Amino acid sequence: MNLITITTFLPLIGAILLVLLSLRGSENQKAANNLYRYATLAITLVTFVVSLLILAKFDNGNKLAQLVQRTPWIGSLGVYYHVGVDGLSIWLILLTTFLMPISVLASWHVTKRVREYMIFMLVLETGMIGVFASLDMFLFYIFFEITLIPMYFLIGVWGGERRIYAAIKFFVYTVVGSLLMLVAIIAIYFYNGKATGSYSFDIVEITNNIQAGYQTGKLVIPGSVQTWLWLAFALAFFIKVPLFPFHTWLPDAHVEAPTAGSIILAGVLLKMGTYGLMRFNLPFFPEVSQKAAPWVMTLAVIGIIYGALVAMVQPDMKKLVAYSSVSHLGFVVLGIFAFTDQGMQGALYQMLAHGISTGALFLGVGIVYDRRHTRQIADFGGIATPMPQYTTLFLIVALSSLGLPLLNGFIGEFLILLGTFTSPVPHAKLFAVLAALGVILSAVYLLWMIQRVFFGEITKKENEELKDMDGREVLAMVPLVVLAIVMGVRPMVFLRGSEKAVTQVKEYVMGKPAPAKVAENHQER
Amino acid sequence: MQLNSLNLNYWAIAPEVITSVAAVLIMLVDAFSKKGARKVNAGITLVGLLLAVVAVAGLNSVGQGSYFSGMVVVDPIRVFFSVTILIVSIVVTLLASQFLRDEALPPGEFFALILFATAGMLLLAGAGDLVTVFLGLEIASITTYVMAGYRRYDARASESSLKYFLLGSFATAFLLYGMALVYGATRTTTIAGINQAISEGKVEFPALLMVGAALMLVGFGFKIASAPFHLWTPDVYEGAPTIVTGFMGTAPKAAVFAAFLHVFTQGFNAGGPLGDQLHHVWVTAIAIIAALTMTVGNVVALSQKNIKRMLAYSSIAHAGYALVGFITSDAAPVAFYMLVYSIMSVGAFAVVQLLARAGDQKTETADYAGIGFETPALSFALAIFLFSLAGIPPTAGFMSKFFIFKSAWDLAPNLHWLVVVAVINSIISVYYYLYPIVVMFFRPLAPGFVKPRISTMTAVALILTLIGTFYLGILPNRVMSAIGHSARMAQVQVGLPYSQVANK
């Protein structure tokens, strides 16, 4: 059996087992709930271990997809079950499998319909891994959509007060983007089929065909429709990222989602958008991507600054973290559209770093929410005194999120800014300078929040007796903190794996020649 | 005329004969047995329908072609649509048993009506002649009029039945008048003969043909509830007993689609200057009707508070999607779509039927509040059917829409806008399909909810439809290749046939 297939479907098998498990008596609800929790934790941990085997087998020096499985699925359409990992996806798969056990630990307090909750979590994991592992557009689309349903239920059933509104908004926004992407997928299928005589949804094959088309001058996709198709893909992914001005679903979804939902949403689901940009938009439509780059970068920079400014004035901690996501994901998009090695490497790194740090921030907010049932900054103050361990860990996480050197956020943001500064895209230097403002602003809103929540006098009586983290919470938080530090100190461990794939994507967009020459071409056009 | 030139082959009408005989048998059993032969009648119905399935499967060995001097044809369209019709009939029969007992309605006639309707629909799907089209349509329609009013004491059901009857007759009149004009123009009523007459330029009054085709389009449009001929649908669907709604919203629609495909994509799809002109006109007309149907169905469904009305408008919208596939004259995606639509829709109506209780009291969406985890089997089943209707993978609804969009994008290059309209409509539809799910799972429980009892036969029906929804959504290969014959025939004008792709 293929390792990736196992990793993808192990959680689904777990979910099916949980469905069957319920048939047994439910006399002792508490014991049963614990069984569901431990079972789910075990499944996610096993999945993580299997995904580590993928990493062990992964060859950093190879730019092609590895551990590939390709089995015919729908013959009449030329659809294959085609999965594999390359430098773009390997770390995102690991991020998913790593965050899942932590999310399960973070959900220990869920008491409502535990079994259904865990089933949805496991189905969601399969969908997310599938998105990153798919090398067939059809398969990709199916996994992309499958992630919607469990998340929709997680928000809608286990969410906060305005959960219904948030769940519907999340679903409808995403579907709008993805259905238009479906039309684009069908169109590419036919253009590729007519140009090459081979009808297939294979991402690798189509990418090669399109790139070969640029070499020989016989375009696979006519220039006139490229813009439309690019837009269809980009809309789906921009909504998912979310890039300003498509971000409005995100704060609602984050605030209403249960803690684990927020961790997964910020940690993994948003990355599906940025991953999609690198997997589809850049290799499929190099010319349009080049033309669009200044516009996309503009939106990204607006998102960085706007997200940070809005985060600054949030009275709600979770909403603050949600808007900080808008800002940080703006960096990722900026790095992707810089079309430089550093920029894209930084973008990939920032995806991981953001997954770790923001996941940890949501976890941290969830911990105080469990104790006080409020997330308002004004309800806290001085809780460093009763909760010293919590304060220490949260502070490290916040510092990693705002990009302190030797922590993970710094590497990503630094590489992105460097990459943007040296980018061939017009006005890139200006964008880099403006984006750097976002770094400063993120320090402002995070440190200000920390000051108001953790330090100073204890103003509320309820906060005096707050319990510090228990063993389970420490167990969930510490791996994230450790990883944040490791990623900050030894970035090459992670960067090496994606190096070749990133260079490949850059060459897809910019062509093989030296960047300077391409820049000239660009200005002529 | 020599007898053997008529090409009499009773195996070619075996499914229709079997279902009719079973229906007559039930009427006899009902007349001679004491009250309450419900289980016996249900058994006979099921056996009859299963034998009909076997007979349909045997049609392939009868050989493709036309029989009874062109009255009946055997082709992939007929075989596939017959299977669709029989699946719906079987599911409805399974559900009917509990429905009839819960409401204490006479069981005999109901099963006989199902069988007669099935016989009519099978004939309609296999019609090779306009006369057989009319015959099949009338048999199927009249029985469904009666079924709609089966709950005689209920004013809503009677209203539904009467409306259905009046408007259905109105539509039939259009169709019949159209047939008469087409006959006048082409001097034949067989579909193959019409095609021949047009392509050989033997049509003496082209205007007559055009008007006739237009009237037939209106007639068929009424029957499949396409806009602007859809106005009867919501009232009729709401008033009829839910199980009947599930039946008449799916099987007759599929059967009419089969006849529609035969007449338009085969009869009115001929060569020659007149044929080209006619083809262009009807493709344009159907493209406009499709866009209108999808949009009206989906937009009006958004504001529905009653789940049966919502499903009624959704069925209008789905007819629109199927029409998008229709314009390419490639029958395979349309046939697949109608199969999938029938399965998921009849499944959804089955759940609605169970939750509505006797007399259809609880069909408002608000009645569904909070039942999600109270009766998980029903609510998750309904959620899956609704996701499927919305076209979310990995359900069959997604796969069928995908085939339609792909086919239309490929074979109708000047109608790409229609695919975009269809996709935008799919987006709109997500909203109202999600709404019952929101109400079921995210809202607190409404007071006075009693868990419905699910009989074994009902459970079997639900499991069958659920399996179908996932099977066709994940592994559509086998079913698609079963209709692939017709697909490949229509595929000639495209660069690369399917088979070559599959063999790659």
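## Terms and model

Strands, and helices likewise, are DSSP runs numbered from the N terminus; a strand is a run of E with at least two residues. Two strands are said to pair if DSSP finds at least two bridges between them. The model described here is predicted.

## The hairpin of chain A

Strand β1 of chain A covers residues 66-74, and strand β2 of chain A covers residues 79-85. The two strands pair in the antiparallel sense, with 6 bridges between them. Within this pairing, A:Ile74 stands opposite A:Val79 of β2(A).

The hairpin formed by β1(A) and β2(A) has 4 residues between its strands. In this hairpin A:Gly78 adopts a positive phi, near 75 degrees.

## Chain A as a whole

In total, the secondary structure of chain A consists of 20 helices and 2 strands. The C-alpha trace of the chain spans about 75 × 55 × 40 Å along its principal axes. For 525 residues, a compact globule would have a radius of gyration near 24 Å, and the 22 Å of chain A agrees with this.

Of the 525 residues in chain A, 61% are buried. Contacts in chain A also link parts that lie apart in sequence: among those between residues at least 6 apart, 81% join residues at least 24 apart.

## The contact between chains A and B

Chain A contributes 32 residues to the contact, and chain B contributes 31 residues. On the side of chain A that touches chain B, the elements giving two or more residues are α5 (137-146), α6 (148-158) and α7 (163-196) of chain A. Of these, α7(A) gives the most, with 17 residues.

By residue class, the side of chain A that touches chain B comprises 21 nonpolar, 7 polar and 4 charged residues.

## A buried glycine in chain B

B:Gly468 lies in helix α18 of chain B, which runs over residues 456-474. Is B:Gly468 buried or exposed? B:Gly468 counts as buried because it has 22 C-beta neighbours inside 10 Å, where 20 or more are required.

Leaving aside residues up to four places away in sequence, B:Gly468 touches B:Ile343 and B:Ala396. B:Ala396 is 72 residues from B:Gly468 in sequence, yet the C-alpha atoms of these two residues are 7.8 Å apart in space.

Conventions:
Residues numbered from 1 in each chain as written. Chains lettered and ligands numbered in written order. Predicted model: local features only at pLDDT ≥ 70, side-chain atom pairs only at ≥ 80, totals over all residues. Contact = placed C-beta atoms within 7 Å. Nonpolar A, V, L, I, M, F, W, Y, C, P; charged D, E, K, R; others polar. Buried ≥ 20, exposed ≤ 12 C-beta atoms within 10 Å, placed from the backbone. Rg over C-alpha atoms; globule rule 2.2 N^0.38 Å.
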